[in-house]
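I opened a new entry today.

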Amino acid sequence: MGRFTILAGFTLLGFAIGFIAYLVSPSLIDFLASVLPQLFSDPRIAGAFLSGIAGALIMDVTIILWSYLSK
């Protein structure tokens, strides 16, 4: 894989993370605030948490697939 391909892949991945977090966050933020109000009292904290989880999961899956397919 060339540098441009890898950079384009990470760019698309970052776009997907932001896109998914924007679409999913309002309903999940309300859910998190109702389940754990002492931890997620501020909607920005819940949104940041969800974006972090989404980014971590997508990056983990990407790295696992990349290492599996490059063998």
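I started with the secondary structure: the protein chain has 2 helices and 0 strands. I kept in mind that this is a predicted model.

Next I checked the overall dimensions. The C-alpha trace spans about 45 × 20 × 15 Å along its principal axes.

I turned to burial. Of the 71 residues, 17% count as buried. The accessible surface comes to about 5,600 Å². Carbon and sulfur atoms hold 76% of that surface.

Then I took helix H2, which runs over residues 43-69 and has 27 residues. From its first C-alpha to its last I read 39 Å, close to the 39 Å expected at 1.5 Å a residue. Which residues of H2 are buried? I noted Ala46, Gly47, Leu50, Ala54 and Gly55. I recalled the helix rule here: with 3.6 residues a turn, residues three or four places apart point the same way.

Last came the surface. I found a nonpolar patch of about 920 Å². Its members are Phe15, Phe19, Ile20, Leu23, Val24, Leu28, Phe31, Val35, Leu36 and Leu39.

I picked Phe19 from that patch and placed it in helix H1, residues 3-35. Is Phe19 buried, partly exposed or exposed? Its relative accessible area is 46%. Phe19 is therefore partly exposed, because that class lies between the 20% and 50% cut-offs.

Terms used
Residues are numbered from 1 along each chain as its sequence is written. This is a predicted model: local features need pLDDT of at least 70, side-chain atom pairs count only at pLDDT 80 or more; totals for chains, interfaces and linings use all residues. Side-chain values use heavy atoms; hydrogens and water are left out. Helices (H or I, at least four residues) and strands (E, at least two) are DSSP runs, numbered from the N terminus. The expected span of a helix is 1.5 Å times one less than its number of residues. Buried means under 20% relative accessible area, exposed over 50%, partly exposed in between (1.4 Å probe, protein chains only). Patches are made of residues with over 30% relative accessible area and no salt bridge: like charges are joined within 9 Å, nonpolar side chains (Val, Leu, Ile, Met, Phe, Trp, Tyr) within 5 Å. Accessible areas come from the Shrake-Rupley method with a 1.4 Å probe; for residues, only the protein chains shown count as cover. A salt bridge is a side-chain nitrogen of Lys or Arg within 4 Å of a carboxyl oxygen of Asp or Glu.
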